[in-house]
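Student: Could you take me through a structure I have never seen before, one feature after another, and show me how each is read?
Tutor: Gladly; let us look at the model together and begin with pairs of charged side chains.

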Amino acid sequence: MKRCDHTAAWAALQGHFEAHGRDLDLREAFAQDAGRFAALSFDAPEVFADLSKNLLDTATLHFLVELARECALEEQRDAMLRGDVANATEGRAVLHTALRAPRGSGPFSDEVHGVLDAMLAYAEAVRGDAGISDIVNIGIGGSDLGPQMVVAALQAYGRVDKRLHFVSNVDGHDIAPLLQQLDAKATLFIVASKTFTTQETMANAAVARAWFLAQGGTDIARHFAATTTNVAAAAAFGIDTTFGFWDWVGGRYSLWSAIGLPIAIAVGGEHFRALLAGAHAMDRHFAAAPLEKNLPVLLGLVDIWYRNFHGFTSRSVAPYHQGLRRLPAYLQQLEMESNGKRVDLDGRALPYGTSPVVWGEPGTNGQHAYFQMLHQGTDVIPVEFIAVKTPAHGLVDQHHKLLANCLAQSQALMLGKTAAEAAAEPAPTAAAGIDAAVLARHRSFPGNRPSTTLLLQALTPRTLGALIALYEHRVFTSGALWGINSFDQWGVELGKSLCNQLLPRLASGETQGLDASTAGLLARLRA
């Protein structure tokens, strides 16, 4: 496997960028090519993607696909899907795709479906238990962001008599206000930790157990369950009901496993299986579609184009559906924890950038916040719009306004507005006496700012599963070409280690051996 910058295709891409890519103007590209939208739009299971408003053309995609081939992307993909070691630094396979494969068709199928059946049976029992009204998931990272995002997105499939809550922050301001709203007799706590040792999760679990006992609760086994592989530790905590998973399930890829228990309780077993089926359909597309029409691959290649040739350092995600409000936060972990690496697989420092900063908010809220920078700021930031054709409500007029805003924003980013156009328009809120030319420059937009639009027919368990899997495989694609390990997260560990060293110092006040800043801050916190 060649690292991308060591290939002939990389050099060819650099030449293409200098000759055509750097100065591509989207307005001219559409004017000169009536077929641009058709040529740069792609279908995948449950997702339609319009790439035509990106700073590329069919020649760019050709060069990018050649780069993927020279970097043996297909071979790397196939190795991951069949269970070869893909996480080299930890010596693990990466088989989240096996979690959504139909029975008998994926690695470890009997084990996977044994846990799945048991977990869904328990979820249905909780759904049918009239004595339980509130379910609290205690986790962090992948044990929180994935389930929380999916439960919010599939709210239309939930039950009004079951309220789902998520606690992750070790800050007591997260769990304390929630506990004040709950009835111990009607609450089920799910402790989500693979090792049952995660500091934040176990601290919150201990608070929840102490509160439960203080409220007169006696049956911890009924009111606590765990998704963990450490059954002994869970039993010592008082938990009898546990659902496990495997070391080839990374945290940020774990919502398909027993970590998805709160999802299953929220939407039921049938809809949870539909979520898995949508993801599996995208898995098959990623595994079998030609690279030229493989949507996860194409999106990952566009990320390479923007990060390493245009030099764009971030990407904004703007889902125009309130149900997807937690998607940007979920994608932050998925992409930045996976590809936020500075050395290649051999430990050599990389001479190019890797993961962009991923950020965003739902539309239309973002339009009244950070879109000002997207349109008129000094940095060019690619935007990813996600629109849903059919809403889960009957407010047709509001949905049309939402969709019109989504289309208008991508159009405005591309078209911009010249100073001459601005000068010809009325400006009723302008200051009296301001110079017309100065005002026109303030009201002009450079345009030619790139965006991608992803369309879903409706936000259902199946379409959401496909969308999430699309992002997972996109991240794999860019990581594979960068030659990095997308499946470890050593950067998370240093802060944890130092925290464990500092924790006793907050009690003792001992500062010997600390740097002056940390020692000074510790002293002020104790004063």
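Student: Which side chain does D161 meet in a salt bridge?
Tutor: This is a predicted model, and in it the side chain of D161 meets that of R159 in a salt bridge, with 2.8 Å from N to O.

Student: How many salt bridges does the structure hold?
Tutor: There are 31 of them. Another one joins R252 to E337, whose closest N and O atoms are 2.8 Å apart. Here R252 sits in the loop between β9 (241–243) and α12 (261–267), while E337 belongs to helix α15 (residues 327–339), so the pair ties together parts that are 85 residues apart in sequence.

Student: Is R252 buried or exposed?
Tutor: A residue counts as buried when its relative accessible area is under 20%. R252 is therefore buried, as its relative accessible area is 4%, whereas E337 has a value of 22% and is partly exposed.

Student: Which residue forms a salt bridge with D303?
Tutor: The partner is R315, and the closest N and O atoms of the two are 3.4 Å apart. Because D303 lies in helix α14 (residues 295–310) and R315 in strand β10 (residues 314–320), the pair ties together parts that are twelve residues apart in sequence. D303 counts as buried at 6% relative accessibility, and R315 is buried too, with a relative accessible area of 6%. Salt bridges can also share partners, and in this way R3, D5, D344, D346 and R348 are joined into one network.

Student: How does one find empty space in a model?
Tutor: Rolling a probe the size of a water molecule over the atoms shows where empty space is left. In this structure, the largest pocket holds about 980 Å³ of space. It is lined by 39 residues, of which T198, G251, Q489, E493 and K496 are the closest to its centre.

Student: Which element supplies the largest share of the lining of the largest pocket?
Tutor: That share, four residues, comes from α21. At least two lining residues are supplied by each of β4 (92–93), α7 (142–153), α9 (199–214), α15 and α21 (493–508). Sorted by class, the lining of the largest pocket has 13 nonpolar, 17 polar and nine charged residues.

Student: What volume does the second largest pocket have?
Tutor: Its volume is about 400 Å³, and among the 16 residues that line it, V151, A152, Q155, R163 and L164 are the closest to its centre. Both α7 and β6 (163–167) supply at least two residues of this lining, with the largest share, four residues, coming from β6. The lining of the second largest pocket divides into seven nonpolar, four polar and five charged residues.

How values were computed:
Residues numbered from 1 in each chain as written. Predicted model: local features only at pLDDT ≥ 70, side-chain atom pairs only at ≥ 80, totals over all residues. Heavy atoms only, no water. Salt bridge = Lys/Arg side-chain N within 4 Å of Asp/Glu carboxyl O. Buried < 20%, exposed > 50% of the residue type's maximum accessible area, 1.4 Å probe, protein only. 1 Å grid on protein atoms, 1.4 Å probe; cavity = no way out; pocket = protein on both sides within 12 Å on 5 of 7 lines; lining within 4 Å. Points joined across faces, edges and corners; volume = space filled by probe spheres on them. Nonpolar A, V, L, I, M, F, W, Y, C, P; charged D, E, K, R; others polar.
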